[in-house]
Amino acid sequence: MLSLFICGTAVTSQYLAEQYQVNTPMFQSFINYSLLLLVYTTMLAFRTGGDSLLQILKQRWWKYIFLGLADVEANYMIVKAYQYTTLTSVQLLDCFGIPVLMALSWFILRARYRLIHFIAVAVCLLGVGTMVGADILAGRQDSEGSDVVIGDVLVLLGASLYAISNVSEEYIVKNLSRVEFLGMVGLFGTIISGLQLAILEHKDIMKIQWNWKIALLFIVFALCMFGLYSFMPVVIKVTSATSVNLGILTADLYSLFFGLFLFYYKFSGLYILSFVVIMVGFILYCSTPTQTAEPTTVPQPRSAGLDNAALKLDENDSETPAVTVQFTRGESVVVSTD
């Protein structure tokens, strides 16, 4: 379902760019963050107690500024990279976020992987390579952009920022709450994307020749992105950020299936093969749960020892009355306290 949401955002963005020459990634992100603000930040505003909006801002406001900045810039860099490099490069280099995500999960979330997890990731990346090969054979690699190096660097930076955002998301939804994550991302994402929009894209927005079709495409994009942001924390909470990112590798395949009818892509049997390979890797990864390393603690002595026992006796003497037990010849027991 998450892959279908991503597919919806990709198809609507491509349709806006190709049919109506509308290329406003920051404006589209701003609409999504505004929806998150309207729904989830409002929910936080009506809360009371320690998890209210005011308390969250007092305790963790600066952390959410960095999270919002990472999320906004990750979205912007990936979309911007298409202007400089090829679709093939973006698809390949975007996978760089998965090893970065695993490394961050290892150190921050204390996740511990087994051999089967690394094999599963390798299988998924093999599926992505198969898909890229199918793109090349089908002639979808596109012409090289104006500066391939800049585009590739933007993809690597965007993938790394996505990894930071996803690891933070996993920590927040598992230790705090889903509403807090979405509400804070909506709040600071709206502010940051709004400022960047006013600086970079205000002229592009003024050039849009608005009609009902363009408005409908913007609405569909916003709803798909809102659904993606709303449901991804649910999936991450019951699985992990790494497994989610492996699963959504299939989004490019769904985009292809829509592109066959909308953009007249050429079909290749390698697309089906890549889909199967990615799903096999995803199932392998989910077949064995990851482990979480326990925090190291100072080992406690197994016995108190003579000195500690004597110390405890001294402490007990000062707190509890002494007890004297006497036995008489008549087998009776007399207990007296001093």
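Buried means under 20% relative accessible area, exposed means over 50%, and partly exposed lies in between, with a 1.4 Å probe and protein chains only. The legends below concern a predicted model, in which local features need pLDDT of at least 70 and side-chain atom pairs count only at pLDDT 80 or more, while totals for chains, interfaces and linings use all residues. Residues are numbered from 1 along each chain as its sequence is written, and side-chain values use heavy atoms, with hydrogens and water left out.

**View 1. Helix α1 against helix α10.** Helices (H or I, at least four residues) and strands (E, at least two) are DSSP runs, numbered from the N terminus. The axes of α1 (residues 2-20) and α10 (residues 212-238) come within 8 Å and cross at roughly 155°, where axes are lines fitted to C-alpha atoms, for helices over the stretch in contact, and angles run from 0 to 180 degrees between N-to-C directions. The two helices are therefore roughly antiparallel, a term for angles over 145 degrees, while those under 35 count as roughly parallel, 65 to 115 as roughly perpendicular and the rest as oblique. The crossing of α1 and α10 is left-handed, that is, the near helix is turned anticlockwise from the far one by less than a right angle, whereas clockwise would be right-handed. In this contact there are 17 nonpolar residues, five polar and one charged, with Ala, Val, Leu, Ile, Met, Phe, Trp, Tyr, Cys and Pro taken as nonpolar, Asp, Glu, Lys and Arg as charged, and the others, Gly among them, as polar.

**View 2. Helix α2 against helix α3.** The axes of α2 (residues 25-45) and α3 come within 12 Å and cross at roughly 160°, so α2 and α3 are roughly antiparallel to each other. Their crossing is right-handed.

View 3. Rings of Phe, Tyr and Trp (its six-membered ring) pair if their centres lie within 6.5 Å, and planes under 30 degrees apart count as stacked, over 60 as edge-to-face and the rest as tilted. By this rule there are nine aromatic pairs. In the pair of Y15 and Y20 the ring centres are 6.5 Å apart and the planes stand at 55°, so the pair is tilted; Y15 is partly exposed at 27% relative accessible area, and Y20 is partly exposed at 25%. W62 and F66 form an edge-to-face pair, with 6.4 Å from centre to centre and 85° between the planes. Both W62 and F66 lie in helix α3 (residues 53-81), four residues apart, about one turn of the helix; W62 is partly exposed at 43%, whereas F66 is exposed at 55%. One aromatic cluster is formed by F27, W210 and F218.

View 4. Most residues other than glycine have a negative phi. Q21, in the loop between α1 and α2, has a positive phi near 50° and is exposed, with a relative accessible area of 62%. R110, in the loop between α5 (97-107) and β1 (111-112), has a positive phi near 60° and is partly exposed at 32%.

View 5. E201 is found in the loop between α8 (178-200) and α9 (202-206), and at 4% relative accessibility it counts as buried. The C-alpha atoms of E201 and F27 are separated by 7.4 Å, although these residues are 174 residues apart along the chain.
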